Amino acid sequence: MIPGPPPGMNTTLAGTLAVLLFAFPLAGCLGNALLGPRLGRRFCNIVGPGVVLAGFVCAVIALVAVLGAHEDAKSTTVTLWSWIDLGVHGLKVNVDITFDPLSVLMCLVITGVGFLIHWYSVGYMEHDESPWRFFSYMNLFIFSMLLLVLAADLVILIIGWAMVALSSYLLIGYYYDRPSAVAAARKAFITQVIGDVALYIAAFMIVTNLKVPSLQLPTIFANAGDSFTQGGGLITGICVLLAIGAFAKSAQFPLHTWLPDAMEGPTPVSALIHAATMVTAGVYLIARFHTLFDLAPIAQGVVACVGMGTAVMAGIIALSQIDIKRVIAYSTMSQIGLMIFAVGIGAYSAGMFHFATHAVFKALLFMAAGNVIHALHDEQDIRLMGGLGITMRRTELCFLSGSLALAGIPIWAGFFSKEELLGLGSLHGPWAPTLYAVGVGVNILTGIYAFRLFYTVFRGTPQTARTYAAHEAPPSMLMPVAILAIGSFVAGWALLLGIPGVVGRFFLADFLDPVFTANGGHLISEPSQGAALATVLIGTAGSLIGAGLARQWWYQRKPDAQAVAGRVPRLLTQLSLHKFYFDELYDALFVKPTRRLARELRTVVEPEYADGWVESIGRAATSLSETFRMLQTGRLRDYATGMLVAASAFVVVLAVIVR
Amino acid sequence: MIDIQVFPLLLGLSAAMFTIGSVGVLVRRNPLVVLMSIELMLNAVNLAFVDYGRFLNSEDGQIFTLVVIVVAAAEAVVGLALVSQVYRAGRELDIDDLSEMRE
């Protein structure tokens with residue numbers, strides 16, 4: 001008996017699940033858009049979250065199937081249909097999808113956290129005029145994101161990649177009567193397109209240089225080792241371009257300026273797209289293309305440095321922002337910087353682990369902030385809050401759970417994922433121990449800004465009378481937040497069951513590692529038990545110091561935060577306040593010259609050069625028509641004469657000339 | 001059996017009818033007469049078709065003739081309908097006067 005291939009996931013099941021995962025959100029998108037205005041708010045409130053819940057069920061079934069698959073057959077690729085097929089050596093695009101631990105983890109987070117955010121939106125958008133439009137866009141986003149993570153074909157991946165940018169654009173500009181929202185949407189989209197172009201060029205370079213030209217990701221990864229030389233210039237270029245695509249999507253330096261502005265969108269959008277899922281697509285992209293990145297150590301180094309650099313920069317900026325959503329946005333940027341750092345040093349599982357926990361606690365923070373904003377009637381300035389713990393006890397508790405997780409306080413989710421990631425960073429990556437030290441600095445910063453927000457918003461004395469009038473959020477907005485609050489407490493243990501090298505078994509790594517060892521990939525070594533324990537202790541100390549400083553400055557006010565700010569170099573506070581002047585820089589470098597060029601073209605080139613010849617064509621046509629117009633007399637007999645003469649001439653020509 | 005001499009004579013008759021018809025179309029101003037003249041031209045052509053068909057011992061000429069008759073009937077219907085509508089509108093039946101389509 002011939003031993004067959006190890007039993008993987010049933011392909012029929014995989015195909016069905018994929019179709020269902022795509023069909024539910026797409027049906028929700030179309031149903032809300034077409035039937036919503038007719039059937040009303042109740043319909044949208046049921047269908048919008050309902051389809052995402054259905055998607056979550058599918059994702060759970062997929063998880064069970066992948067867990068049950070054989071160790072060597074964790075990845076199942078199914079062709080749903082052949083989209084473009086131009087012969088044997090021609091272009092071939094299949095709608096292929098892959099179920100493997102990586103894509104299933106992404107699907108679970110997208111649909112799971114996504115469902116809770118949709119549920120929350122029911123309450124948050126209660127007074128909105130067009131919930132059908134909102135839920136239609138949200139479902140479209142879920143569909144696009146699932147397409148992106150399940151794609152096993154480069155073209156399909158790029159379609160999903162572009163579609164998430166589209167739905168992000170639609171949702172940032174959801175309040176289209178606000179000029180600032182429209183400008184923010186445009187800014188986000190243009191930045192995304194820069195990344196898209198880099199991704200397209202990388203895709204072309206991959207396909208044209210591959211030994212076996214193919215657009216299918218499994219084929220690309222299987223042949224990458226033969227086609228590219230380890231550390232060669234070509235593969236480095238490809239990976240840097242891929243990384244630029246990832247940076248644009250994940251709001252990393254230098255393409256990060258769109259994320260804070262994206263907070264113009266409704267708060268559930270910030271939670272779903274700009275915290276939990278879309279902005280982490282860059283992390284996913286690098287993890288998915290790990291086979292290529294493993295071949296390009298220089299590109300990996302660039303990714304790691306950019307990630308850590310962004311983490312520090314965003315952490316510093318978050319210290320001085322006064323808009324509650326912008327603080328959380330910068331903290332998102334900072335945390336994604338850590339994930340990018342992790343995938344840059346090759347710690348893919350650790351990066352994805354932080355992605356999963358971050359999705360939970362960051363969505364929680366955004367939605368709890370949404371409760372606050374809602375209760376204060378769209379007030380977002382934290383200087384006008386304070387003391388909200390009096391009236392919003394439950395929201396405060398949830399926000400506290402999220403802050404503890406964000407700051408990386410032990411036994412909350414963020415602690416496990418961040419320490420895991422930093423511990424690996426102490427051994428690997430460029431200038432290994434240095435970047436780790438910077439990471440500990442990021443821990444301190446995270447603790448400070450996380451608890452600055454908590455203390456200024458929920459503790460202290462109320463700054464305005466509105467605080468006393470604030471009401472706790474309704475259950476539909478409180479329940480999802482509470483679930484995530486529990487989640488951000490237990491997600492760390494659930495996914496980890498111990499810290500590698502210290503205690504227990506790293507469950508998530510066991511789950512994900514087959515993805516990263518495929519195609520000749522190798523896992524980076526873990527620190528020894530003693531070193532791991534040391535890094536965990538140092539990192540935790542950093543987090544605790546940060547949280548403690550925040551308590552001292554913004555709660556006990558001994559010394560007061562303002563006094564502390566006066567003592568640090570003025571340059572640093574100015575940089576923090578003005579977001580490192582990136583907006584001003586880009587404005588001067590790109591926006592202003594472009595506008596000037598457009599104005600010059602409009603006032604000089606167009607009237608003097610372009611209009612001249614365009615109008616002369618028009619004049620020529622007019623004068624020609626004046627001549628021909630005389631033929632049209634309107635008299636029947638003239639036409640009959642013309643016909644007769646022409647017919648006779650035709651006969652004569654036939655008879656005399658042609659014969 | 002028809003004498004071979006008949007064919008050119010019939011062709012001549014057809015040519016004469018066609019000429020009369022075309023002159024009628026060109027010179028008359030009453031649309032009814034113009035329609036009649038067109039009918040005359042069509043029938044001149046029909047005669048030529050039948051004549052040639054017989055001369056070449058083929059049925060194609062007669063088939064064509066049937067097609068032309070059908071088309072002529074349709075054309076007459078449309079033409080007469082237009083004429084009657086113009087008349088009902090209280091207009092004078094003069095094709096030189098009916099020249100609004102110039103604008």
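Guide: The bend at a residue is the angle between axes fitted to the seven residues ending there and the seven starting there. The model here is a predicted one.

Visitor: Okay, where does helix H1 of chain A bend, and by how much?

Guide: H1, residues 11-39 of chain A, bends at A:Asn32, by about 40 degrees.

Visitor: Is A:Asn32 buried or exposed?

Guide: A:Asn32 is among the buried residues of H1(A). Others on that list include A:Leu17, A:Leu21, A:Phe22, A:Pro25 and A:Gly36.

Visitor: What do those buried residues pack against?

Guide: In chain A, they pack against helices H2 (41-68), H3 (101-124) and H4 (131-150), and against strands E1 (76-85) and E2 (92-99).

Visitor: And what follows H1(A)?

Guide: A:Gly40 comes next, with a positive phi near 95 degrees.

Visitor: Switching to the interface. How much area do chain A and chain B bury between them?

Guide: About 970 Å², with 59% of it on carbon and sulfur atoms. Chain A puts ten residues into the contact and chain B puts in 13 residues.

Visitor: How many salt bridges across it?

Guide: The rule finds one between chain A and chain B. It joins the side chains of A:Arg637 and B:Asp96, at 2.4 Å from N to O.

Visitor: Which helix of chain A gives the most to the side touching chain B?

Guide: Helix H26 (residues 636-658), with five residues. The side of chain A that touches chain B is made up of three nonpolar, four polar and three charged residues.

Visitor: How many residue pairs are in polar contact between the chains?

Guide: Three, counting pairs with both residues at pLDDT 80 or more.

How values were computed:
Residues numbered from 1 in each chain as written. Chains lettered and ligands numbered in written order. Predicted model: local features only at pLDDT ≥ 70, side-chain atom pairs only at ≥ 80, totals over all residues. Heavy atoms only, no water. Contact = heavy atoms within 4.5 Å. Buried area = accessible area lost by both parts, 1.4 Å probe. Salt bridge = Lys/Arg side-chain N within 4 Å of Asp/Glu carboxyl O. Polar contact = N/O pair within 3.5 Å; in protein donor to acceptor, adjacent residues only side chain to side chain. Helix = DSSP H or I, 4+ residues; strand = E, 2+ residues; numbered from the N terminus. Nonpolar A, V, L, I, M, F, W, Y, C, P; charged D, E, K, R; others polar. Buried < 20%, exposed > 50% of the residue type's maximum accessible area, 1.4 Å probe, protein only.
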